[in-house]
Amino acid sequence: MPAMHINGVTIDDTFAEAFPMKATRLIITAHTLQWAEHAALSLTGFATSVIACGCEAGIEGRLDASVTPDGRPGISVLVFSMSGKELAKQVERRVGQCVLTCPTTAVFAGLDEGEPIALGKNLRFFGDGWQISKVLGEKRFWRIPVMDGEFVCEETTAVIKCVGGGNLLLLAADTDAALRAAETAVAAIRRLPNVIMPFPGGVVRSGSKIGSRYSPMSPSTNDAFSPSLTPLTRTELTDDVRCVMEIVIDGLSAGDVAAAMRDGIASVVELGPREGALRISAGNYGGKLGPFHFHLHQLATVGGAG
Amino acid sequence: MKALRLRVRVAASQGVRVDLRGVVPETMCLLEQDAVASFEVGHGNRQVPLGSLFDVLIDDHDAAEPTLTLEGDLRCIDRIGWRMKEGALQVSGDAGDYVGCGMAGGRLTASGNVGDFAASEMSGGQLRIQGNCGDFAAASLPGSIDGMRGGMVVIGGDAGARLADRMRRGTLLVSGNAGDYAASRMVAGTLAIAGTCGAHLAYGMRRGTVLCLGSHPEASSTFAATHHDFRVFWSLLRRHLAAAGGVFAELPATTPARFVGDIAADGKGELLWFE
């Protein structure tokens with residue numbers, strides 16, 4: 001199938017290849033939204049890639065006081081990892097260091113169905129015997145005495161199977177245009193539930209391939225999309241492309257990742273090649289590694305949001 | 001699944017206590033009508049067929065869940081819903097002792113007054129008593145360590161003495177008044193009383209929450225006030241209690257006064273009331 005052109009933007013006949021992961025959602029509430037945000041930013045810090053961070057995490061959205069378990073403003077956070085065990089470790093560490101410590105916060109499970117992992121179950125020992133358990137209905141909460149009153153957290157949070165590594169490559173004429181395209185796509189995708197973009201600002205400039213000349217297992221720079229290497233390697237770039245940005249998307253289901261990629265493509269297409277990207281592509285490994293394939297042409301023809 | 005109705009025959013029990021253990025929806029609704037009638041129950045110190053005390057009627061052959069209805073003068077009938085696990089049990093009229101005792105699941109509704117030890121050692125399910133209940137509701141049976149340890153109980157009327165004695169888990173709501181020694185030796189769980197409380201409230205309480213909405217005795221010398229911000233917990237609690245409806249549906253958003261105790265026991269329990 002030849003490349004597709006919409007509004008002057010070329011869409012490659014390729015697909016993004018994504019992997020199964022494990023995820024949970026946490027609801028962090030606080031006295032004000034600002035303090036919930038401080039905790040959420042801290043918890044999702046250094047969580048760009050499972051390659052070295054242990055998990056990929058991001059803020060899913062802000063929650064109005066009317067929809068949180070304790071009636072205070074909150075932030076919903078998604079945390080993704082390669083295994084349930086690693087996810088449990090990351091959640092416990094991050095909640096213990098970033099939420100328990102943050103003034104006025106409380107933390108609750110954001111998913112009802114799924115395998116339970118510890119949330120407050122082990123953090124309670126911070127209470128040194130003064131902690132109080134409270135079972136309300138089907139849920140157990142812990143009240144841990146702290147200097148601003150008490151830290152309330154749910155005992156467990158649910159883990160579900162999900163999809164990580166959905167992506168878009170935005171190929172542009174220069175840095176300004178590439179950033180504009182990436183920022184537009186990020187803004188469009190941020191409006192959707194159930195997905196996060198774990199990299200700084202939602203964008204990654206160091207897209208990688210699997211393997212390296214130094215160590216077969218390590219990821220290394222995606223030379224086929226690096227504009228400095230066009231004369232030296234089997235490049236995927238044409239001469240007019242001088243800057244490439246990637247958006248990586250983790251979602252609670254394949255449908256969520258597809259919806260995010262669809263809205264991202266639609267927003268970049270709408271921006272047009274003069275302001276944004278000349279071409280949209282995606283990263284894959286020939287379909288051999290990940291079971292989820294998101295074909296750009298299918299997503300582009302289904303259209304934008306909705 | 002059948003929906004069964006057991007109608008007690010007037011004076012059939014002749015004032016002798018009837019022990020209805022085993023007559024629970026999940027068992028009875030699987031039996032044929034004859035088998036239900038010949039099911040043996042305790043009558044004083046004898047075993048008699050259920051059919052000699054009750055008329056056995058079938059309301060529905062295809063009910064969505066096992067459903068059992070008891071009606072008539074049930075004041076001599078004890079252990080209604082004893083250790084029931086699922087289904088619905090409806091009691092029309094006043095009932096004897098041990099209603100819902102040891103209940104682990106399902107829904108039991110009693111429209112009248114019930115005797116002592118209602119909901120004692122209950123571990124799950126929902127129990128609603130529209131009238132009053134006797135002493136030791138949700139308490140432990142003599143010799144046992146724990147009282148109620150799960151589920152939800154709503155008492156529409158008044159409760160007698162020793163309410164929630166040694167209660168460990170679950171939620172117990174009283175719309176009326178509670179007698180003396182409510183929440184005595186309470187291990188944990190949640191007790192809310194809308195009316196007045198008798199003397200020696202929460203005597204020897206170790207953990208758990210007691211919320212008093214009506215008049216109550218002063219906190220005893222083994223309870224001490226705390227003055228910290230516990231709005232998060234209060235918000236979770238009031239939302240949980242609101243599910244029971246009635247006076248508990250709209251509890252104030254402002255936090256009540258809080259006293260910890262009984263310091264003579266473990267001291268991790270709390271009394272909450274609005275001053």
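Is B:Arg231 buried, partly exposed or exposed? Select B:Arg231 to begin: at 42% relative accessibility, this residue counts as partly exposed. Buried means under 20% relative accessible area, exposed means over 50%, and partly exposed lies in between (1.4 Å probe, protein chains only).

**Before moving on**

This is a predicted model, where local features need pLDDT of at least 70, side-chain atom pairs count only at pLDDT 80 or more, and totals for chains, interfaces and linings use all residues. Residues are numbered from 1 along each chain as its sequence is written, chains are lettered from A and ligands numbered from 1 in the order in which they are written, and side-chain values use heavy atoms, with hydrogens and water left out.

**Stop 1: the partner of B:Arg231**

B:Asp229 and B:Arg231 form a salt bridge, with the closest N and O atoms 2.6 Å apart. A salt bridge is a side-chain nitrogen of Lys or Arg within 4 Å of a carboxyl oxygen of Asp or Glu. B:Asp229 is partly exposed, with a relative accessible area of 36%. Side chains of opposite charge can pair when their charged atoms come close.

**Stop 2**

Now pick B:Asp97 and B:Arg17. Their side chains meet in a salt bridge (3.9 Å, N to O). B:Asp97 lies in the loop between β8 (88–92) and β9 (107–110) of chain B, and B:Arg17 in the loop between β1 and β2 (18–19) of chain B, so the pair ties together parts that are 80 residues apart in sequence. Strands are DSSP runs (E, at least two residues), numbered from the N terminus.

**Stop 3: a buried pair in chain A**

Go to A:Arg25 and A:Glu60. These two form a salt bridge, the closest N and O atoms being 2.8 Å apart. A:Arg25 sits in strand β3 (residues 15–29) of chain A and A:Glu60 in strand β4 (residues 56–63) of chain A, 35 residues apart. A:Arg25 is buried at a relative accessible area of 13%. A:Glu60 is buried too, at 12%.

**Stop 4: B:Glu71**

Which strand holds B:Glu71? B:Glu71 is found in strand β6 (residues 67–71) of chain B. Its relative accessibility is 15%, so B:Glu71 counts as buried. Show the side chains of B:Arg5 and B:Arg7 as well. B:Glu71 makes a polar contact of 2.6 Å with B:Arg5 and another of 2.7 Å with B:Arg7. A polar contact is a pair of N or O atoms within 3.5 Å; within protein, one must be able to donate a hydrogen and the other to accept it, and residues adjacent in sequence count only if both atoms are side-chain atoms.

**Stop 5: the largest core**

Select B:Leu20, B:Ile155, B:Leu163, B:Leu172 and B:Leu191. They have the most contacts inside the largest nonpolar core, which has 64 residues. A nonpolar core is a set of buried Ala, Val, Leu, Ile, Met, Phe, Trp, Tyr and Cys residues joined through side-chain atoms within 4.5 Å. A second, separate core of 39 residues includes A:Val186 and A:Phe294.

**Stop 6: where the chains meet**

Show both chains. 24 residues of chain A are in contact (heavy atoms within 4.5 Å) with 19 residues of chain B. Zoom in on A:Arg143 and B:Glu270. They form a salt bridge, the closest N and O atoms being 2.8 Å apart.

Definitions and conventions. Helix = DSSP H or I, 4+ residues; strand = E, 2+ residues; numbered from the N terminus.
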